[in-house]
Amino acid sequence: MNHADAVPVEVLLVEDNPGDVRLTQEALRDAKVRNRLHVAPDGVAAMSFLRRVPPYENAPVPDLILLDLNLPKKSGLEVLELVKSDDRLQCIPIVILTTSQAERDVLQGYRLRANAYVTKPVDFDQFLKVVGSIEHFWLEIVKLSRAGSGDVGRDD
Amino acid sequence: MSAATIEILLVEDNKDDAALTVRALARARLGNQVHVATTGAEALAFLRHQPPYETAPRPDLVLLDLDLPGVDGRTVLEQIKGDEQLRAVPVIVVSGSLNPADVERAYRLHANAYVAKPIEPKAFLEAVRSIEEFWLQVVTLP
């Protein structure tokens with residue numbers, strides 16, 4: 001119906017825990033919408049990916065970012081702040097996916113323009129359900145600003 | 001937080017769309033109360049506790065149509081996201097426009113999500129259900 005069906009949705013997962021990476025991959029593999037998952041294991045790698053700094057020269061501009069908060073090298077909140085203050089990147093929705101339930105993190109996340117804050121469930125099935133719900137809402141229901149991504153042609 | 005009622009402000013001038021949304025949210029698993037504002041000015045008065053909304057709750061979530069009479073949705077969005085007290089409140093734009101320029105502009109004004117309003121009632125209900133499922137059941141609201 002729209003070109004989202006033809007072009008796979010590019011998702012950047014910023015996550016240092018290999019177990020959570022595997023679970024997210026698994027949950028997105030069965031998604032209705034074609035998608036490609038890219039993984040950055042720390043905050044510096046995430047910024048390199050987004051700015052196409054080597055070794056990410058050929059990285060696509062992601063349509064959606066799933067961001068853990070507790071990351072090595074550069075924290076998730078720092079990444080969030082950098083993306084949302086970058087004119088080229090600020091339209092990319094960022095869903096924070098973290099174990100932290102601290103009210104301070106939640107409020108700080110929204111104040112720094114996180115698009116949504118999701119608490120990571122510990123339980124395996126719950127985790128899959130949560131990623132499935134993120135997928136359903138953000139890839140099937142939401143209209144993403146792909147025009148701002150530079151990689152995908154504008155409609156007009 | 002899960003025990004408390006989730007307060008939703010729906011800013012929508014189309015009576016049918018408002019009624020459909022209210023109906024879909026009434027079926028939601030989590031307790032919620034929907035407040036409807038039919039103009040942008042009304043929405044801002046509600047958010048700022050101006051008369052006759054002195055006792056209005058602070059919404060946990062705003063569903064915002066863009067095309068409103070008078071003060072339009074973009075202005076409402078800009079006002080919310082520029083207000084220290086209100087900017088953390090998630091705003092989901094629900095709009096009839098599929099124009100990429102409108103979508104990009106809404107995200108630049110810090111809309112939390114942009115949902116294209118389906119014309120088909122069935123698809124419309126499905127979209128509201130998905131908003132409910134994600135924002136009320138999965139998301140941690142501020």
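1. E126(B) is partly exposed at 31% relative accessible area, and R129(B) is partly exposed at 42% (buried means under 20%, exposed over 50%, partly exposed in between, with a 1.4 Å probe and protein chains only). Helices (H or I, at least four residues) and strands (E, at least two) are DSSP runs, numbered from the N terminus.

2. Before going on, please note that this is a predicted model, in which local features need pLDDT of at least 70 and side-chain atom pairs count only at pLDDT 80 or more, while totals for chains, interfaces and linings use all residues. Residues are numbered from 1 along each chain as its sequence is written, chains are lettered from A and ligands numbered from 1 in the order in which they are written, and side-chain values use heavy atoms, with hydrogens and water left out.

3. In the same helix α5 of chain B (residues 121–138) you will find S130(B). This serine is buried, with a relative accessible area of 3%. Leaving aside neighbours within four places in sequence, S130(B) is in contact with H136(A), F137(A) and I141(A) (contact means heavy atoms within 4.5 Å).

4. Now the interface as a whole: 31 residues of chain A are in contact with 31 residues of chain B. The count between chain A and chain B is two salt bridges. R111(A) forms a salt bridge with E84(B), with the closest N and O atoms 2.7 Å apart. On the side of chain A that touches chain B, α4 (103–111), β5 (116–119) and α5 (124–141) each supply at least two residues, and α5(A) gives the most, with seven.

5. Within chain A, D20(A) forms a salt bridge with K120(A), the closest N and O atoms being 2.8 Å apart. This pair links distant parts of the chain, 100 residues apart: D20(A) lies in helix α1 (residues 18–29) and K120(A) in the loop between β5 and α5. D20(A) is buried at 14% relative accessible area, and K120(A) is buried at 8%.

6. For contrast, look at E140(A) and K32(A), whose salt bridge has its closest N and O atoms 3.6 Å apart. Here E140(A) is partly exposed at 28% relative accessible area, whereas K32(A) is exposed at 72%.

Conventions: Salt bridge = Lys/Arg side-chain N within 4 Å of Asp/Glu carboxyl O.
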